[in-house]
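Dear colleague,

Please find below the structure that I am handing over to you. My notes on what was found in it follow directly after.

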Protein chains: 2
Amino acid sequence: MNWYESNALNVKQDVMDDAVAHQLTLTKPPGALGALEEVAIKLAGMQGVVKPQLNRINISIFASDHGIAKQGVSAFPQAVTTEMVKNFATGGAAISVLARHLNAQFEVVNLGTIFEVDKHPQIIDARIAAGTQDFSSAPAMDDGQLQLALQQGCDAAQRAQNNKSQLFIGGEMGIGNTSSASALAAAQLNLPAATLVGMGTGISEDQLPLKIKLIEKALTLHSSNDPVEQLKSLGGFEIAGLVGAYIRCAQLGVPVLVDGFISSVAALMAVAINASIAPWLLFSHESSEPGHQLVLAALKAKPLLNIGMRLGEGSGAAIVVSLMQSACALHNEMATFSQAGVSEKEV
Amino acid sequence: MNWYESNALNVKQDVMDDAVAHQLTLTKPPGALGALEEVAIKLAGMQGVVKPQLNRINISIFASDHGIAKQGVSAFPQAVTTEMVKNFATGGAAISVLARHLNAQFEVVNLGTIFEVDKHPQIIDARIAAGTQDFSSAPAMDDGQLQLALQQGCDAAQRAQNNKSQLFIGGEMGIGNTSSASALAAAQLNLPAATLVGMGTGISEDQLPLKIKLIEKALTLHSSNDPVEQLKSLGGFEIAGLVGAYIRCAQLGVPVLVDGFISSVAALMAVAINASIAPWLLFSHESSEPGHQLVLAALKAKPLLNIGMRLGEGSGAAIVVSLMQSACALHNEMATFSQAGVSEKEV
């Protein structure tokens with residue numbers, strides 16, 4: 001058995017029941033805080049304490065290049081993956097700004113940019129290859145490469161636990177990776193590529209048919225129902241890294257907050273590989289990438305935010321952390337009816 | 001001319017144009033931060049600086065009782081208004097917890113609870129009467145009372161400006177006030193009460209027809225197209241307080257973040273009284289109260305959050321502040337393409 005097939009830890013149902021009971025004592029109409037109540041209750045079950053905390057956030061960004069990018073499926077040149085790895089580390093990217101404000105543990109795991117990146121304390125150089133193969137004509141990676149990428153995710157999850165992180169956010173960067181994610185979702189959900197493919201970073205209407213055609217070609221070339229095979233033939237190193245990280249977090253008991261379309265596809269593949277991890281995944285936002293809605297529906301996920309974000313990098317998840325922190329603060333700090341001397345509901 | 005008829009300040013269009021141009025230089029695909037980009041751009045126009053700040057938040061809660069509550073239109077006893085005023089001040093209510101975490105300037109303006117409240121540094125005792133009259137049989141307030149309530153809102157806005165607040169949040173508390181807000185929205189939007197009335201704090205299905213019937217009766221009794229007349233005959237002191245505060249904020253140039261259903265109805269009335277204030281209103285969330293969607297549509301408002309909150313007190317707005325602070329941080333602190341040496345879009 002591979003490490004990623006072992007069962008996740010159990011979420012503590014008795015603590016969740018206590019958290020539900022606690023919510024009903026707080027000075028507000030029952031249910032009036034909407035989804036924030038569920039967030040606090042779920043975190044209570046995951047952390048095993050009635051009053052959960054979200055002070056220690058881990059953000060691990062996985063970056064890698066994609067062979068498919070050569071076909072012209074992105075609005076940006078492939079060099080941008082390498083350039084953005086530097087931008088993450090030096091603090092200028094969106095996720096860097098958000099990580100700083102969250103005082104998060106922050107790292108970038110380079111799994112395979114086409115160019116080398118200078119050493120930097122926040123960059124882990126774990127390049128498996130100079131990008132994946134073009135999946136429209138060959139498997140994106142071989143077995144050994146897939147195992148390496150999964151293991152890098154596993155290691156990131158372990159570092160998060162070692163740092164006593166109360167929440168794990170995985171981010172991704174890779175020019176061409178909405179193509180890879182769309183192909184994976186199409187294969188896993190057995191849907192035509194056209195229902196899942198969107199504008200990514202902002203390709204033109206002209207480029208869209210090419211993107212769909214290449215994915216359809218790949219789906220014919222690599223037909224398998226096995227999620228591990230799908231990940232190998234259609235995935236990216238950074239997507240496999242996320243899959244490994246999500247699975248390991250669930251095995252270690254670290255709650256996961258999933259970002260946008262590509263991260264949600266990684267969550268879809270992770271759950272397909274190991275269904276026991278599902279209760280450990282929280283979902284942050286619905287992006288404007290059309291496939292995201294279908295992937296979220298398949299995961300029965302109801303994210304908190306829908307404001308048209310489509311950046312990746314873990315940025316949507318990082319934005320949502322503050323909402324979850326508010327959910328915890330309300331759950332933990334509000335007065336009860338008896339403490340405040342407030343009369344309860346009459347009917 | 002009454003003070004509330006004077007024009008609002010102009011939002012600075014040239015600064016907004018500069019903010020739009022700045023957004024396009026940041027290391028992300030154009031538009032990839034979705035609605036967060038608009039938030040930063042709008043705040044830039046209101047604050048008159050390309051890089052807006054949201055460090056100083058003002059939260060003013062207006063509280064008052066409603067004559068209509070005697071008819072049994074709420075799930076909670078009327079004493080709860082008074083009890084919650086104390087709970088706000090002593091730090092146990094949802095909005096108190098959120099205000100503390102935002103390090104906000106926080107005050108409770110008591111415009112007319114049925115019971116007296118002990119003195120407290122965070123409570124302004126401005127009781128106009130022991131609640132309004134029952135609007136199903138008489139005008140809720142007289143002219144002098146309406147002017148006093150509007151003036152209290154005006155004074156709160158002035159205090160916010162004196163404190164150099166960069167954002168004004170108004171909250172409300174008043175058992176029975178979804179009835180008043182529904183009646184105002186029905187009158188202003190010329191819609192049947194049944195399309196706007198919801199469960200409020202959680203009334204039973206049995207109580208709903210009574211709530212609708214009383215509002216329909218009031219709409220027949222007090223038929224006027226004048227928003228000031230509508231506010232007087234159907235409003236609450238706390239709703240009028242919000243109306244006065246919103247209008248004065250716009251006249252002073254303090255951006256307003258509107259909370260849920262009742263606050264949005266106050267915004268609707270404020271814009272009906274003085275249309276020039278509209279550009280100063282930002283909208284935070286869509287509540288689960290059914291009338292809210294109709295009121296937001298009438299205001300052409302697109303709130304950031306929709307997570308089934310229905311608490312009032314300004315709580316939804318306070319939750320959304322952190323999203324807006326993230327919007328400012330990203331806008332102000334991200335590296336530009338040239339700073340980071342990242343290649344720009346090809347197509």
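**Interface between the two chains**

Two salt bridges are counted between chain B and chain A. Please bear in mind throughout that this is a predicted model. In one salt bridge, the side chain of E333(A) meets that of R100(B), with an N to O distance of 3.1 Å. Polar contacts across the interface of chain B and chain A amount to 19 residue pairs, both residues being at pLDDT 80 or more.

By class, the side of chain B that touches chain A divides into 30 nonpolar, 15 polar and eight charged residues.

As for the extent of the interface, 53 residues of chain B are in contact with 53 residues of chain A. The area buried between chain B and chain A is about 4,500 Å², and carbon and sulfur atoms give 64% of it.

**Largest pocket**

The largest pocket holds about 810 Å³ of space. It is lined by 33 residues, of which H101(A), S322(A), Q325(A), S322(B) and Q325(B) are the closest to its centre. Two or more lining residues come from each of helix 4 (94-102) and helix 12 (315-333) of chain A, and likewise from helix 4 (94-101) and helix 12 (315-333) of chain B. The lining of the largest pocket comprises 16 nonpolar, 15 polar and two charged residues.

**Second largest pocket**

The volume of the second largest pocket is about 700 Å³. Among the 31 residues of its lining, those closest to the centre are E38(B), A301(B), K302(B), P303(B) and L304(B). Helix 2 (35-47), helix 10 (261-273), strand 6 (281-283) and helix 12 of chain B each supply at least two residues of this lining. Helix 2 of chain B gives the most, with five residues. The lining of the second largest pocket divides into 23 nonpolar, three polar and five charged residues.

**Salt bridges over all chains**

The structure holds ten salt bridges over all chains. One of them joins the side chains of K232(A) and E229(A), at 3.3 Å from N to O. These two residues lie about one helical turn apart, because K232(A) and E229(A) are three residues apart in helix 8 (residues 227-234) of chain A.

With kind regards

Notes
Residues numbered from 1 in each chain as written. Chains lettered and ligands numbered in written order. Predicted model: local features only at pLDDT ≥ 70, side-chain atom pairs only at ≥ 80, totals over all residues. Heavy atoms only, no water. 1 Å grid on protein atoms, 1.4 Å probe; cavity = no way out; pocket = protein on both sides within 12 Å on 5 of 7 lines; lining within 4 Å. Points joined across faces, edges and corners; volume = space filled by probe spheres on them. Helix = DSSP H or I, 4+ residues; strand = E, 2+ residues; numbered from the N terminus. Nonpolar A, V, L, I, M, F, W, Y, C, P; charged D, E, K, R; others polar. Contact = heavy atoms within 4.5 Å. Buried area = accessible area lost by both parts, 1.4 Å probe. Salt bridge = Lys/Arg side-chain N within 4 Å of Asp/Glu carboxyl O. Polar contact = N/O pair within 3.5 Å; in protein donor to acceptor, adjacent residues only side chain to side chain.
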